[in-house]
Amino acid sequence: MSAPAAAPAPAPARRDPFPPNWPARAAWGGLALYALYAASTLEVTWERFVYGLGNGARFIGRMLPPDFSKTELLLRGLIESLEIAVIASAVGILLAMPVGLMAARNLMPRWLSWPARGLIALCRSFHAVIVAILFVKAVGFGALAGILALVVSSIGFIAKLIAEAIEEISLKPIEAMRAAGASFGGVVAMAVVPQVLDRFVGFATYQLDSNLRNSTMVGIVGGGGIGATLFTAFQKFDYDFVLAILIAIIGVIFAGELLAGWIRDTFK
Amino acid sequence: MIRDQRRWQRFTPMQRARRAAFYLLAAAAIGQSLRAVDVIPEFLQDMPEQVADLFRRMWPLDWGYYGKAVHEALIETFHIATLGTILAIGLALPVGMLAASNLVPWRPLNLLAKLILVSSRSVNSLVWALLFVAVFGPGALAGTLAIAFRSIGFVGKLFGEALESTARGPIEALHAVGAPPASVFLKGYWPQVQPAFWSIALFRWDINIRESAVLGLVGAGGIGMALDTALTLLYWDQAAVVLLTILAVVAAAEIAVTAIRSRIL
């Protein structure tokens, strides 16, 4: 990014077209220094890296070929993960709509929007897996804990985006509806929803996708689904089965992405 | 007099059929899931009591645990998230560039880059962490690599899309005056994607702070290790301290991101 060589002498006051940005360079330098320092705390040594590479080669060797023989176990886990994702998305989206509406500061009074925003912030602050740990304590091992954990994270994500989308809408249709004497429900249904529906479909399909990903993971802490199978396979060093599970998960997520694209097209 | 038989309809029959198909599919999926899922309703009724018990066990908080184990783990979490993000950006920039069809006008290479990005995103960070723990052993190195590999897909995808939506004008001008490829990128593309780049990097760092807090559950270092220890020993008063610490860090990260974003964007 350095500046081109100094301009020839005759032009006395020619501005450098690309002046060096010293604060930005200092920031880059600082970032590089930090990275070196942080890397040094990781205790990465060359031997460990080489050892790791050898280990990795052995690891990949044991993964191949993927072992699809435990079909029943694999399918049962996958189906439970799908069920968790579908229920959590449906319940989460349903609950997120009123919360998101309540959190929109341009439509709601302060005493309603601040508590709603607080609830959203609380739902968003913990990773789904940590929420799953708490729900496993509250409702025991199994799919229910996973569903509740994903419902919480869906509310946090979708309600926030709905609130932001509503805060950006044009207020003119709302004013017109109010002037014509529409009830609050009428204003929401006819003036707010049409303006945010497009983006809402986008968030909802994204959340379905992300719930699908996370539902394969809550099992690691006892929340049901294929995560439990995956974690057990890891602990038993069944790496060929691990690879089979990973391939199956990637396949399901890829199919989910296609489905999400189809849904978005349908509601365009 | 012939009455006009035409009626105005918002959607074409095809659109309506697709919507009906979607509603049917959604209802069937939800119904089937509700019927088949293995949930014991009695557990749900028991929930208030269990939650009350949880809070009773958490109180009073064991603040001594913070100095003993949490603080160090917290610093490690910060390093994992930040270093992982930096590493991810370093790896994702070239892949994102390869994925941008206006920068690399060769379709097979675009598709290869997109495949790399999709596989990075499909594997969850916890699963990446499991893989790297198996390869490098437990510790922060596995966590950093897990965060980095999970973030490549995210950063690369968004960066590639930002590159694809740049304006042609400045780039053609640079080509016309005979600028070498590196200069075309630095002076033509980079200024146009810079705001998007910073916003992506900050957003991902924010996410990574949250994600690196759970990596310890599978042995990949950071504050999750402290949480895991407390949970296995059923010391809920210590687990509560860890949870409050995570809450504080996440809030601090969000405030920091908002502040930096308003300054540099």
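This is a predicted model: local features need pLDDT of at least 70, side-chain atom pairs count only at pLDDT 80 or more; totals for chains, interfaces and linings use all residues.
**Entry 1: chain A, fold**

I began with the secondary structure. I counted 10 helices and zero strands in chain A. Read along the sequence, the pattern is α-α-α-α-α-α-α-α-α-α. I then looked up how spread out chain A is. Its radius of gyration is 26 Å, while the globule rule gives 18 Å for 268 residues, so chain A is more spread out than a compact globule. I also noted the box filled by the C-alpha atoms of chain A, taken along the principal axes: roughly 80 × 75 × 35 Å.

**Entry 2: chain A, domains**

How is chain A divided? I found domain 1 at 22-63 and domain 2 at 71-266. I looked up the separation of their centres next. Over C-alpha atoms, the centres of domain 1 and domain 2 of chain A are 34 Å apart.

**Entry 3: chain B, fold**

Chain B comes to 11 helices and zero strands. From the N terminus on, I read α-α-α-α-α-α-α-α-α-α-α. The radius of gyration of chain B is 25 Å, whereas a compact globule of 265 residues would be near 18 Å. Along its principal axes, the C-alpha trace of chain B spans about 75 × 70 × 40 Å.

**Entry 4: the interface**

I turned to the contact between the chains. Chain A brings 61 residues to the contact, and chain B brings 63 residues. Between them the two chains bury about 5,700 Å². Of that area, 75% is on carbon and sulfur atoms.

I noted two salt bridges across the interface of chain A and chain B. One pairing is A:Lys137 with B:Asp53, whose side chains meet at 3.0 Å, N to O. Side chains of opposite charge can pair when their charged atoms come close.

Which helix of chain A gives the most to the side that touches chain B? Helix α10 (residues 239-266) does, with 10 residues. By class, I sorted that side of chain A into 44 nonpolar, nine polar and eight charged residues.

**Entry 5: salt bridges overall**

I took the count over all chains. It comes to 14 salt bridges. I picked out a pair within chain A: the side chains of A:Arg117 and A:Glu167 meet at 3.3 Å, N to O. The pair links distant parts of the chain, 50 residues apart. A:Arg117 sits in helix α4 (residues 110-125), and A:Glu167 sits in helix α6 (residues 143-167).

**Entry 6: backbone check**

I ended with phi angles. Most residues other than glycine have a negative phi. I flagged A:Phe237, which is not a glycine but has a positive phi of about 55 degrees. Where is A:Phe237 placed? I found A:Phe237 in the loop between α9 (226-235) and α10 of chain A. In chain B I flagged B:Leu234, with a positive phi of about 60 degrees, again not a glycine. B:Leu234 lies in the loop between α10 (223-232) and α11 (236-264) of chain B.

Definitions and conventions: Residues are numbered from 1 along each chain as its sequence is written. Chains are lettered from A and ligands numbered from 1 in the order in which they are written. Side-chain values use heavy atoms; hydrogens and water are left out. Domain bounds come from an automatic or database domain assignment. Contact means heavy atoms within 4.5 Å. Buried area is the accessible area (1.4 Å probe) that two parts lose on being put together, summed over both. A salt bridge is a side-chain nitrogen of Lys or Arg within 4 Å of a carboxyl oxygen of Asp or Glu. Helices (H or I, at least four residues) and strands (E, at least two) are DSSP runs, numbered from the N terminus. Ala, Val, Leu, Ile, Met, Phe, Trp, Tyr, Cys and Pro count as nonpolar, Asp, Glu, Lys and Arg as charged, and the others, Gly among them, as polar. The radius of gyration is taken over C-alpha atoms; the globule rule is 2.2 Å times the number of residues to the power 0.38.
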